[in-house]
Amino acid sequence: MHFAKPNAHRRARSAAAGRDGVTPAAFAADLAPRLSALSQALADGSYRPGPLLRLRVDKPAGGARRLAIASVADRVVIQALRQEMAPLIEAQLGDAAFAYRPRRSARGAVDRVQRSIREGATHAALCDIRDFFDSLPLLVVYDALRGLRLDPEVLRLCQTVLQAQVL
């Protein structure tokens, strides 16, 4: 699995340390040996995601947001999986799906709805299911992953990460 160098925007968004206390800056300061050890653990099957740092952050409008922060090493693995799987997933999604997709925005979704209305559409659907990903049974996710026809080692790694609740 190839580890791409994270861009500055991604590094700025993920500056927090995981439960192991290692920040992205500390990880980067010792990058070569850390990536080498991570690559070896992935290659020999000994990689196991670490425990998550779980936080509750109050929202300004009330309520709380639950956060689960993975270690930097686990974030590197997750990003590598994302890069491997994104083209396969993107190929299966419809053009009208916008949420959590690269190079798509809320503004783009609005533009798409407006274009559809001009073309004669009379209905639009918006779905936002609370805690959706937290409530999915893992067997459903595994079935969907098998449908992507991933390399068996990538599929095994996805299952390892999912079982550890790192995502």
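Student: What is the bend of α4 at Glu-84, and which proline follows within four residues?

Tutor: At Glu-84, α4 bends by about 35 degrees, and Pro-87 is the proline that follows within four residues. The bend at a residue is the angle between axes fitted to the seven residues ending there and the seven starting there. This is a predicted model, in which local features need pLDDT of at least 70 and side-chain atom pairs count only at pLDDT 80 or more, while totals for chains, interfaces and linings use all residues. Residues are numbered from 1 along each chain as its sequence is written, and side-chain values use heavy atoms, with hydrogens and water left out.

Student: How far should the 19 residues of helix α4 span, and how far apart are its end C-alpha atoms?

Tutor: The expected span of a helix is 1.5 Å times one less than its number of residues, and therefore the 19 residues of α4 (residues 72-90) should span 27 Å, which agrees with the 26 Å between its end C-alpha atoms. Helices here are DSSP runs (H or I, at least four residues), as strands are (E, at least two), and both are numbered from the N terminus. The protein chain has eight helices and two strands, arranged from the N terminus as α-α-α-β-β-α-α-α-α-α.

Student: Which residues of α4 are buried?

Tutor: A residue is called buried when its relative accessible area is under 20%, exposed when it is over 50%, and partly exposed in between (1.4 Å probe, protein chains only). In α4 the buried residues are Val-72, Asp-74, Val-76, Val-77, Ile-78, Gln-79, Ala-80, Leu-81 and Met-85. Of the 167 residues of the protein chain, 25% count as buried.

Student: What makes a set of residues a nonpolar core, and which residues have the most contacts inside the largest one?

Tutor: A nonpolar core joins buried Ala, Val, Leu, Ile, Met, Phe, Trp, Tyr and Cys residues through side-chain atoms within 4.5 Å. The largest has 24 residues, and Tyr-47, Val-77, Leu-81, Leu-145 and Leu-150 are those with the most contacts inside it. Helices α3 (31-44), α4, α7 (138-147) and α8 (152-163) each supply at least two residues of this core. Contact means heavy atoms within 4.5 Å; leaving out residues up to four places away in sequence, Val-77 touches Leu-38, Leu-42, Tyr-47, Leu-157 and Val-161.

Student: Why does Thr-160 count as buried?

Tutor: Its relative accessibility is 13%, and Thr-160 therefore counts as buried. Thr-160 lies in helix α8 and, apart from neighbours within four places in sequence, is in contact with Tyr-47, Arg-48 and Pro-49.

Student: How do you know that Glu-90 and Arg-101 meet in a salt bridge?

Tutor: A salt bridge requires a side-chain nitrogen of Lys or Arg within 4 Å of a carboxyl oxygen of Asp or Glu, and the side chains of Glu-90 and Arg-101 meet at 2.6 Å, N to O. The pair links distant parts of the chain, 11 residues apart, with Glu-90 in helix α4 and Arg-101 in the loop between α4 and α5 (106-118). Glu-90 has a relative accessible area of 26% and is therefore partly exposed, whereas Arg-101, at 9%, is buried.

Student: What is the phi of Arg-103, and what is the phi of Arg-149?

Tutor: Most residues other than glycine have a negative phi. Arg-103, although not a glycine, has a positive phi of about 60 degrees, and the phi of Arg-149 is also positive, near 60 degrees. Arg-103 lies in the loop between α4 and α5, and Arg-149 in the loop between α7 and α8.

Student: Why do Arg-103 and Arg-149 count as exposed?

Tutor: Arg-103 counts as exposed because its relative accessibility is 81%, and Arg-149 counts as exposed because its relative accessibility is 73%.
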